[in-house]
Amino acid sequence: MSRRVSQKLPGIEQDEGVGARVRRSIGRPEVARLDPFLLLDEFRGSAPAGFPDHPHRGFETVTYVLEGAVRHEDFLGNQGVIRPGDLQWMTAGRGIVHCEMPHGEVECRGLQLWVNLPRTDKMCEPAYQDLRSSDIPSRSQDGVTVRVIAGESLGAKSPVFTRTPTLYLDVTVQPGAKEFTQPVPQDWNAFIFVLSGRAEFGSSGAGAVIGEAHETLLLDRSGPAVRVAPVTGAAAACRFVLIAGRPLGEPVEQWGPFVMCSKAELLQAKEDYRNGRNGFERAPGWASFVVREQAD
């Protein structure tokens, strides 16, 4: 039995960061969170717009670039450029201050997912898992191509280690493809964000729902799999991401980029950042290339 689509939400573009634009899937009034996920944004922008110096604590940010490039730098000395098809899985843990900015002449477009960390990992040391496009496993079968960002699909397994068990697939369904079914543990929460084209999602027959570009489809827990099929007569492929995760079932207290389990922990995070301690020792006085270049 396949999961049914419980809710379909349109993608509405909004301002975010400095001059950037996002379509927010998770983390909006209708769906504040979908445990363990805190946010999914489809972002776009060109320099000098972007996301200058800002902190994080208590969760992971997953940046997947679709077009253009994103330049990244943090206060630990980590830096680099994320190009089309590349992935950066950043564990903020006890604290990171960084910037993420469009790089080059081409407008960048991508996805950023926020994955909550369990209380036991919220104060872990920051860490990165960087995968080039060629490092992400890809499989094709019967007109369906799957890039396995996290988890497993069609016999391929991602090398990404997920502290919070997560499935993250980039799927393209060609016109005339056969029906695609992806197993998902029945106690996990799952949703779909459509990047382009249109396809049929959920149970077959009267229960099927057509999803189109920039729409979010929330899935119930009625079955152990997610079903996708091309729309009859479709002239173009449909590309979407399927994201699922095991709920943490823990309290969530959030203030912007700080996500903890209690109000006291959240207050501590703010004070630690303000006072440069407990993971934010390098924050006072640090400035990324964005600020340095503006000062020159």
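Contact here means heavy atoms within 4.5 Å. Keep that in mind as you click through this predicted model.

Stop 1: Select residues 20-115, where UniProt, in an unreviewed entry, places the feature "domain: Pirin N-terminal". Colour this stretch by secondary structure and you will see 62% strand and 0% helix. Its end C-alpha atoms lie 22 Å apart.

Stop 2: Now select His54, His56, His98 and Glu100, which carry the UniProt annotation "binding site" (unreviewed entry). These residues span 47 positions in sequence, yet no two of their C-alpha atoms are more than 12.7 Å apart, so they gather at one spot. From this set, His54, His56 and Glu100 belong to the lining of the largest pocket.

Zoom in on His54, in strand β5. Leaving aside neighbours within four places in sequence, His54 is in contact with Ile96, Val97, His98, Cys99 and Glu100. The His54 side chain also reaches the backbone oxygen of Pro52, at 2.7 Å.

Next, pick His56, which is in strand β5 as well. Is His56 buried or exposed? Its relative accessible area is 2%, so His56 is buried, since buried means under 20%. Not counting residues up to four places away in sequence, His56 touches a list of residues that includes Met90, Trp114, Pro257, Phe258 and Phe280.

**Stop 3: the largest pocket.** Show the pocket surface; its volume is about 570 Å³. Of the 29 lining residues, Glu16, Arg24, Leu39, Asp41 and Trp114 lie nearest the centre. The elements giving two or more residues to this lining are β3 (20-26), β4 (37-45), β5 (51-56), β10 (96-102) and β11 (108-116). Which element gives the largest share? That is β5, with 5 residues. Colour the lining by class and you get 15 nonpolar, 8 polar and 6 charged residues.

**Stop 4: Ser288.** Move to the loop between α1 (263-275) and α2 (289-295), where Ser288 sits. Ser288 counts as buried because its relative accessibility is 0%. Leaving out residues up to four places away in sequence, Ser288 touches Asp53, Glu73 and Cys99. With Asp53 there is a side-chain to side-chain polar contact of 2.4 Å.

**Stop 5: the second largest pocket.** Finish with a space of about 210 Å³. Select Gly151, Glu152, Thr166, Leu167 and Trp188, the closest to its centre among the 13 lining residues. Here β17 (166-173) and β18 (180-183) are the elements that give two or more residues to the lining. By class, the lining divides into 6 nonpolar, 5 polar and 2 charged residues.

Notes. Residues are numbered from 1 along each chain as its sequence is written. This is a predicted model: local features need pLDDT of at least 70, side-chain atom pairs count only at pLDDT 80 or more; totals for chains, interfaces and linings use all residues. Side-chain values use heavy atoms; hydrogens and water are left out. UniProt positions are given in the numbering used here, feature names are shortened, and annotations may be inferred rather than shown by experiment. Helices (H or I, at least four residues) and strands (E, at least two) are DSSP runs, numbered from the N terminus. Buried means under 20% relative accessible area, exposed over 50%, partly exposed in between (1.4 Å probe, protein chains only). A polar contact is a pair of N or O atoms within 3.5 Å; within protein, one must be able to donate a hydrogen and the other to accept it, and residues adjacent in sequence count only if both atoms are side-chain atoms. On a 1 Å grid over the protein atoms alone, a cavity is a set of points where a 1.4 Å probe fits but cannot get out, and a pocket is an open set with protein on both sides within 12 Å along at least five of seven lines; lining residues have an atom within 4 Å of a point. Grid points are joined across faces, edges and corners, and a volume is the space filled by probe spheres set on the points. Ala, Val, Leu, Ile, Met, Phe, Trp, Tyr, Cys and Pro count as nonpolar, Asp, Glu, Lys and Arg as charged, and the others, Gly among them, as polar.
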